[in-house]
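I opened a notebook page for this structure. The entries below follow the order in which I looked things up.

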Amino acid sequence: MSPAIILAILDGALSIVEKVAPTIASLFKTGQITTEQQQAIKARIDALYSPDLFSGPEWKVDE
Amino acid sequence: MKKLLIPIVLAVALCGGLLTFTGCGTLDPAGVYQGDKVLYDADMLIATSYETVHSFVLWEYNNRTTLASIPDIKKTADALRVQYPIAHKAALASRDAYMTAKTAPNATALSQALAVLRQAMTTASAYLATQGTL
């Protein structure tokens, strides 16, 4: 496997770790989830109702 | 190669964690979820799965030339590009139905919709693991 491909895969894996790690950390959090933390999740979900969510070029299937 | 595997294994392990875990904490009842942990956990999973799958398809898009020698990556990304938006919208619809009426059938439907998102998230991260061991 070429170094460029290895770097590209590494980059992809890191980007996913970056996205998922905070959620996992919050899952292991014990105690009360504050109103601010709840608001943060609510803001994330509200943004996902956008009609433009899948309109970026990265979502297009090129034949 | 071992250094390369660390973030890849982490990515898969973290996504795998989301397959089985729900949060340990309790909700402050004064918050926007009013103590509804099912809805809070659902929202967290919907948001995280979108961000994970989006990272994957964006990564494939940005590295398409480099990754051209591994056509399965584009094939997997293209499958997610078609399937994930449908699953995402279905999950939001199930979420809304559950919010409107917190019945057992609606809770089951939400759970089933979330399972599809979990699978997509696992596909995106597991694919990197497979390729990383080549």
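Which residue forms a salt bridge with A:Lys42? I looked it up and found A:Asp46, with the closest N and O atoms 3.1 Å apart. I use the term for a side-chain nitrogen of Lys or Arg within 4 Å of a carboxyl oxygen of Asp or Glu.

Before going on, I note that this is a predicted model, in which local features need pLDDT of at least 70 and side-chain atom pairs count only at pLDDT 80 or more, while totals for chains, interfaces and linings use all residues. Residues are numbered from 1 along each chain as its sequence is written, chains are lettered from A and ligands numbered from 1 in the order in which they are written, and side-chain values use heavy atoms, with hydrogens and water left out.

Entry: the A:Lys42 pair. Both A:Lys42 and A:Asp46 lie in helix H2 of chain A, four residues apart, about one turn of the helix. Helices here are DSSP runs (H or I, at least four residues), as are strands (E, at least two), numbered from the N terminus. A:Lys42 is partly exposed at 22% relative accessible area, and A:Asp46 is partly exposed at 40%. The cut-offs are under 20% for buried, over 50% for exposed and in between for partly exposed (1.4 Å probe, protein chains only).

Entry: salt bridges in chain B. I found B:Arg95 bridged to B:Asp43, the closest N and O atoms being 2.5 Å apart. B:Arg95 lies in helix H3 and B:Asp43 in helix H2 of chain B, so this pair ties together parts 52 residues apart in sequence. B:Arg95 is buried at 3%, and B:Asp43 is buried at 0%.

I then looked at B:Glu60, which forms a salt bridge with B:Arg81 at 2.6 Å between the closest N and O atoms. Both of these residues are buried. Shared partners join A:Asp62, B:Glu60, B:Arg64, B:Lys74, B:Asp78 and B:Arg81 into one network of salt bridges.

Entry: a loop residue. B:Gln34 sits in the loop between strand S1 (26-27) and helix H2 (37-62) of chain B. Its phi is near 50°, a positive value in a residue other than glycine. I remind myself that most residues other than glycine have a negative phi. B:Gln34 is exposed, at 66% relative accessibility.
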